[in-house]
Amino acid sequence: MTTVAESAVKRLLTSETTASLRTRYEGSNICTWIGFKHINYLVEEAILCHFAEADLPARALYAEAGLGVDIVDLDTRILHALYMDETVQARVVPAAGDDDSCISFTVALHAERDGADTKVVAANAKVVLRSDSYVEAAGEPPAGLARFVTDRLSTPGAVAPEPPELTGADLTAVTTSLSAGRGTTGPDPVLDLLTAGKNAFGWKWRIPYPYCHFSERLQMSSYLRQMEEVVDLFLADRGISVKTLLDERRWIPACPHSRIQILDEALMEEDLYTVYTVENVFKDFTYTSRMDCYVVRDGRLVPTATGKVTHGYALIENRRDWNLITFDERVSKALRGES
């Protein structure tokens, strides 16, 4: 694939596509509702189907041109719940200006609600083509795609958090524990610096190979998994774990909005430092949080991703129905970091 047909590039950049997708059984963790992570997986799958419809499937782009299809920005709003065994119609609309270095997509998932076609998910994404340098040199990219090719992942225009300096920090534990374990939420000099003075929770975690693709780097779907897990750990740390509130009240976290932007690459078996900060609790009904991810390289913190997520709580009425509820004092104080 040293060259690609002009018609294929035109279809990729200008043609709307529709794919019929089915929710994944794995994503149904509470009753039959599908969680935000697997809803985002459907968005990702819709974009990959769009590439395939343009005769530029991800497999061929990598195997023949050394180009990895990478989502670097994913912003998704869940308008209505999705369920186990549900089929959705995914409508994908691409856009790329003459000076753009990434391909933008709007993705809408539609399903039947009360007999009517209804938009249930609205998402925006940005995609770049990462030139492979791990297995073998990729060579010159196909001319029609060259402006979207990068040798390092990042989101154009994204604002990275300003990390603290590690000067003076005791990094002995950091440098000796790389790849040694699956992670900690306990005492750690880097986590201490990143969470100091904030309503925040920190997690150090070794990046395993199942979270990576193209032989070396953490992918967008894995940052979604990271966001889901750090919320789970944060809630447990605050004494309101998911199971605790399920057992006591039949309350479950509900996520209407998430966004993640990749800022730099995080590599297999590096230690990833994830900081989850509660930024706002709105009328004891929803709360917004920020997720920032870092690795330590050459004695400094390098931001690799940043994200936002909104949560509320839903009361499970029965196996079919739930309703959003207002936080009580215990939950509200836990979210605000108050004793």
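Tutor: Gladly! This is a predicted model. Let's start with Val278: setting aside neighbours within four places in sequence, Val278 is in contact with Asn199, Phe234, Tyr287, Thr288, Ser289 and Leu335.

Student: Why is Val278 called buried?

Tutor: Buried means under 20% relative accessible area. Val278 has 8% relative accessibility, so Val278 counts as buried. Val278 is found in strand β13, residues 271-282.

Student: How do you know that the span of α6 agrees with what a helix should have?

Tutor: Helix α6 has 18 residues, 220-237, and at 1.5 Å a residue they should span 26 Å. The end C-alpha atoms of α6 are 26 Å apart, so the two values agree. Just after α6, Gly239 takes a positive phi of about 80°.

Student: Which element gives the most to the lining of the largest pocket?

Tutor: That is α6, with seven residues. The pocket has a volume of about 900 Å³ and is lined by 34 residues, with Gly35, Phe36, Pro253, Ala254 and Cys255 nearest its centre.

Student: What kinds of residues make up the lining of the largest pocket?

Tutor: The lining divides into 22 nonpolar, seven polar and five charged residues.

Key: Residues are numbered from 1 along each chain as its sequence is written. This is a predicted model: local features need pLDDT of at least 70, side-chain atom pairs count only at pLDDT 80 or more; totals for chains, interfaces and linings use all residues. Side-chain values use heavy atoms; hydrogens and water are left out. Helices (H or I, at least four residues) and strands (E, at least two) are DSSP runs, numbered from the N terminus. The expected span of a helix is 1.5 Å times one less than its number of residues. Buried means under 20% relative accessible area, exposed over 50%, partly exposed in between (1.4 Å probe, protein chains only). Contact means heavy atoms within 4.5 Å. On a 1 Å grid over the protein atoms alone, a cavity is a set of points where a 1.4 Å probe fits but cannot get out, and a pocket is an open set with protein on both sides within 12 Å along at least five of seven lines; lining residues have an atom within 4 Å of a point. Grid points are joined across faces, edges and corners, and a volume is the space filled by probe spheres set on the points. Ala, Val, Leu, Ile, Met, Phe, Trp, Tyr, Cys and Pro count as nonpolar, Asp, Glu, Lys and Arg as charged, and the others, Gly among them, as polar.
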